[in-house]
Amino acid sequence: MLPIIDGLDEISEEARRSAVKAIDHAVGQDRPVVVTCRSVEYEDVIKAGSPPAAAELRTLRRAPVVEVARVPVEAAIAYLSDVHWPRGTDWSSVYAHLRAASDSPLATALTTPLMISLARVVYERLGGDPAELLDQSTYRSRHAVEDHLLEQLVRAAYASDRLPSGAPVTPARRAPDTADALRWLTFLARHLHRWRERDFAWWLLPGRAFSAWTVPVLGLATAIPIMTVVTAWLLWAGFPDTNLPGVPGPVVTGAFVGAGTGIVVTITWYAGAARRPGRVAFTLRGSLSRLRRGLLYGLMVTGLPGATSMVAAAVGISVGDGWSYSSTLHYCAIVAVGMMLSLAVSFGLAVQSWLDGAPVHSAHADPIDLLREDRRAALVGAVAAGAITALLAFPAVVAGLVVGYIMDAALTGWSGEPNLSQLISYATDIVPGNRPANLTAATIAGIAGSTVALLTCLPRPWPRFAFTTFVLALRGQLPWGTMRFLADARTREILRQSGGNFQFRHARLQERLVEQPYRLRTPRRARSAVIAVAGAAVLALAGSLLMHRMPVDTSRATMLIRHPGLVDISADGTLLAGWHGTTGRTELWDLRHRKALKTLPTGWLDEMAVSADGRELATARTDYRGISTITVWNIKRGQVVSIFHTKQGREQVEEHLEFSPDGRTLAATFNDECQLKILGAATGKVLTTLRTHCVVKDMAFEADGHSITTVTDTAWNAGRTGWQVWDTTSGKQQKTATVGDESDMMIDSSGRVIALSGAGSYTFWNIRSGQRIGFVETAGNSPLAFSADGRLFATADSFSNEVTVSDVRTGRTVKKPAKGHRAQVDSAAFSSDGRTLMTVSSEDGTAKFWTVPGA
């Protein structure tokens, strides 16, 4: 047997020199071989000094060279005549020209088998008159004829088959458009030319197709959806108020996870640039080395950005406020949890590496088979790595908290620390907090497992190739089904297969496509989508950079209440009621446990009030007929207790509702004849009617419930403010006073102290004695609440929305302005012990909790 090595000229120049050296070493007198190559390339590689001129390495240099002779004219004519040409295709003038003028451009072009076969394919598939090739004004040289045939080859390959009549045959499946196919093949030819290669290895395309900025953009594009999904998942799972030490809220946590994922995606993309396709392998041979390789890879991918972040954080703490007991514990916990999670991820990647094997006989594999094998390996490996990481994630967090506590104790000094079993029990309890342990474990496992599955799959050739071809298809440089197109081009004899690679069937065709004018047609929709994604990425980056400039929330806790139109808080600070005009429902929240209790179908409301103990709710509304309805609800049962109706005598100005301290009676103001009615809360019947001034601004029962104080405008137009004390049983007035034109006022829950504002301050009066008992400068703050003992008074700045707590008798500021609300504060209440202040803003939709120092 005489081996023939064909295609030496089809490989790259560097590989050609290496191949010649290898052939020269391998063959000799006793092992003859035939090497085929185009003359120019062979002469260049031999004369350039490869192989060297040593005596024992001169086999190819001394080998005889046989050049293929020109195809005789009659042989060419015979080959071209053996075809059933379409109508209108007549070669007789060409045959006569070939016999008469052997040195013409057409005759010299048709002396090689390649050009003769191209002429036959082109005119057999496309039809036309070959006599056009005789026009020497258009085809002045041999190269002009050859270039024309090469240009027409792609069009011929994608032309429709024709019947003997010349009519086109409808294909079984839709073929690519000729113009699109030409554009895609031109991109492929230019890509290979740029890298000075003949073989198209599909797994190398992702590392060569994009600019240096594309990979960071890919990392950012991955970070944004990961951040969104993680944040939404944490919010859905109820993780805003986590008990983990040092762990931020869901938005910040999602931002950190998304940013970290984006960084790791960028690193893994570069790390997998030259990775070859693999397959799923369950062999035990080499298991230890594969496991070790995956473990080291995982430690590098997760440890490098983690260590960099932790060093930066340590420097920031040292330069900033310095280390404290709290910051040391938080830092150690985060570092230790990160280390344990890094190990969990590395174990998952080790399993993925163990499953990964090189393709069998890759030199003889089909490119599409290689892609399918790598896709299977990528998916199996991603599922395995994600599952292992998901199983280890929750134990890793628990172990990290234990290790972090030990690290903190070692750094700050041992002082009777708990033993290991107590630490494990503590960490296991603190991670779920008030949430179900199964939900917490599933959340941690889901985030860790899905992230690792993504990062495991990303470095593989298949997902990288899929992403690359997707982007190139958006640009119009490659088709959506790239591998199907390449396989179809091989069927049409435009490409050929060389092992696991594709090649252009003729190097001259690749060279000619490179010379063609190339116009990239980016679809308008794709361009708009790219611009939109880039704009969103820029906005997200700018937002993350500005996060540190946002105001600091100094509240102890925050509860979302969905923007109610009316709010009221019970006097003991345990219950919040919020009415939503869009739904006509009133939601109730337990302020002690910061959770929603239930929703009542109250309908449209004008006013509402919660009893002092938070057990009952009173609502009032006036319909279009002027009929006012007051309804009392039992909050625990969610049922109506009593209903009272009355007809308003004239247009309503203000309504007020107020429960007595024991919740048995309800005071309600009405405008007809300027009355205040005392109702039985359980019966809805009128117990007493008081004749008050027409505009009641505030009212409050005294502690015994037998007296009520009202604050009114004493004259409709004069704007004079005063207060009156009434006996709720007899309806007689017990005390009255007029103080002036005050704008804001508030009575404490005991009905004994009133705060009146004026000239940027509040003056406090004893209602019974009429004596002034205190003075506070507030610079125009609006009143919010008294503490239960009447000692503290809370106000809110109307511009900055800051909350201030002052001592009524001394005027001293007990709590400095508290920042946190983004809009006007509507209501507030102190806890029964006065240590906590709860504020509500219906506009920003939050209820916030503040610690009152020294209460």
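Predicted model: local features only at pLDDT ≥ 70, side-chain atom pairs only at ≥ 80, totals over all residues.
Biologist: Why are α4 and α7 called roughly parallel?

Modeller: The axes of helix α4, residues 73-81, and helix α7, residues 113-126, come within 10 Å and cross at roughly 25°; since angles under 35 degrees count as roughly parallel, α4 is therefore roughly parallel to α7. The crossing of these two helices is right-handed.

Biologist: Which residues make the contact of α4 with α7, and how do they divide by class?

Modeller: On the α4 side they are Ala 76, Tyr 79 and Leu 80, and on the α7 side Ile 116, Ser 117 and Arg 120. The division is 4 nonpolar, 1 polar and 1 charged, where Tyr is counted as nonpolar and Arg as charged.

Biologist: What makes α9 and α19 roughly perpendicular to each other?

Modeller: Helix α9, residues 178-194, packs against helix α19, residues 507-515, at an angle of about 100°, and their axes are 8 Å apart; the range for roughly perpendicular is 65 to 115 degrees, and α9 and α19 are therefore described in that way. Leu 182, Leu 185, Thr 186, Ala 189, Arg 190, Leu 192 and His 193 of α9 make this contact with Gln 510, Leu 513 and Val 514 of α19, and by class the contact has 6 nonpolar, 3 polar and 1 charged residues.

Biologist: What share of the protein's residues is called buried?

Modeller: Of the 855 residues in the protein, 47% are buried, the criterion being under 20% relative accessible area. The protein, with its 20 helices and 35 strands, exposes about 43300 Å², of which carbon and sulfur atoms supply 57%.

Terms used: Residues numbered from 1 in each chain as written. Heavy atoms only, no water. Axes fitted to C-alpha atoms, helices over the stretch in contact; angles between N-to-C directions. Helix = DSSP H or I, 4+ residues; strand = E, 2+ residues; numbered from the N terminus. Parallel < 35°, antiparallel > 145°, perpendicular 65-115°, else oblique. Left-handed = near helix turned anticlockwise from the far one by under 90°. Contact = heavy atoms within 4.5 Å. Buried < 20%, exposed > 50% of the residue type's maximum accessible area, 1.4 Å probe, protein only. Areas by Shrake-Rupley, 256 points an atom, 1.4 Å probe, with all protein chains shown as cover.
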